[in-house]
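Please examine the structure shown below.

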Amino acid sequence: MAWTKYQLFLAGLMLVTGSINTLSAKWADNFMAEGCGGSKEHSFQHPFLQAVGMFLGEFSCLAAFYLLRCRAAGQSDSSVDPQQPFNPLLFLPPALCDMTGTSIMYVALNMTSASSFQMLRGAVIIFTGLFSVAFLGRRLLLSQWLGILTTIAGLVVVGLADLLSKHDSQHKLSEVITGDLLIIMAQIIVAIQMVLEEKFVYKHNVHPLRAVGTEGLFGFVILSLLLVPMYYIPAGSFSGNPRGTLEDALDAFCQVGRQPLIAMALLGNISSIAFFNFAGISVTKELSATTRMVLDSLRTVVIWALSLALGWEAFHALQILGFLILLMGTALYNGLHRPLLGRLSRGRPPAEESEQERLLGGTRTPINDTS
């Protein structure tokens, strides 16, 4: 079936805004500017402040939800209303996981390349599968176990490519290894978030935009408050600010004042997060979760190609192999091979209903998928 113009728009919006998510964050990291008190030029390394901006973007999805509800108020469509009452505090545990995982990933992005960052996030499949067996009582299919094993092989290849790549003064080998390990560690936390969402949130049939916005609200408020103690906590080699603390928000604002392009990068990240979540939810609803997965894989290609074109990283052929293996693992885990086997065995496409998945009950991606 041919896509409508609206579906093409949603697919393009998801691809573009999803790519901007990572590229704008990496662009901000590459800037050098003076800080507060006349401190010398240094890199803009403020991962926790960037995470606050990410949650602000998610929080804005609440505004989109209430706009949709107002629009549907005079119509018979009740899809923007929850089918049963729910306690907003249900979103607090997954929001805490989201806050922790996102902060760790922004720290890791300072240490490694944007393409490796995006590819290594595929590790979430491994931990999601294992946690769903342990805590949700699921029984994984053989193809899903093969997908997990294939993903592990892909991660090894991508990590090997990072080890063999030429590293500049900005990304030393030790930092790249640490960054890659932090990304994989963060995927464990993201997998816990996904299990919590499925166990406690999905059953209440909360509208995805409301779910994203509520988690964004919790994350924004909590992490903003945590910026105060972070200003005084020493962080040693993990600190990217002159004071050597875990986060120095004042230094970040001073750098933004001296280099306005940093503000543009941060605003790009905040706005792209909001539009990406909206587009991802809409693609799953209008097309399928499989289409969303394919577009997400294309996003990795776009990020990698633009990073090479901008000179942010050097080309390494092993990354192509690693990406293809990761793509194969993701396809196996999500059942992308089944429609192909169905066509080969029956000579006709499977029923469209089998590919369409419930927006909150069938997808295995987190509610606020910022990957």
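In this predicted model, C36 and C254 form a disulfide, with their sulfur atoms 1.9 Å apart. A disulfide is a covalent bond between the sulfur atoms of two cysteines. The bond joins distant parts of the chain, since C36 lies in the loop between β1 (32-33) and β2 (42-43), while C254 belongs to helix α9, 218 residues apart. The torsion about the S-S bond of C36 and C254 is about 90°, so this disulfide is right-handed. The count for the model comes to 1 disulfide.

How accessible are the cysteines? C36 has a relative accessible area of 30% and is therefore partly exposed. C254, with a relative accessible area of 22%, is also partly exposed, because values under 20% count as buried and those over 50% as exposed. C61, in contrast, is buried, with a relative accessibility of 2%. C97 is buried as well, at a relative accessible area of 13%.

Helix α9 (residues 249-258) and helix α10 (residues 260-286) meet at an angle of about 115°, and their axes are 4 Å apart. The two helices are therefore roughly perpendicular to each other, because angles of 65 to 115 degrees are classed in this way. Which residues form the contact of α9 with α10? On the side of α9 they are Q255, V256 and R258, and on the side of α10 they are P260, I262, A263 and L266. The residues of this contact divide into 5 nonpolar, 1 polar and 1 charged.

Methods. Residues numbered from 1 in each chain as written. Predicted model: local features only at pLDDT ≥ 70, side-chain atom pairs only at ≥ 80, totals over all residues. Heavy atoms only, no water. Axes fitted to C-alpha atoms, helices over the stretch in contact; angles between N-to-C directions. Parallel < 35°, antiparallel > 145°, perpendicular 65-115°, else oblique. Contact = heavy atoms within 4.5 Å. Nonpolar A, V, L, I, M, F, W, Y, C, P; charged D, E, K, R; others polar. Disulfide = S-S within 2.5 Å. Buried < 20%, exposed > 50% of the residue type's maximum accessible area, 1.4 Å probe, protein only.
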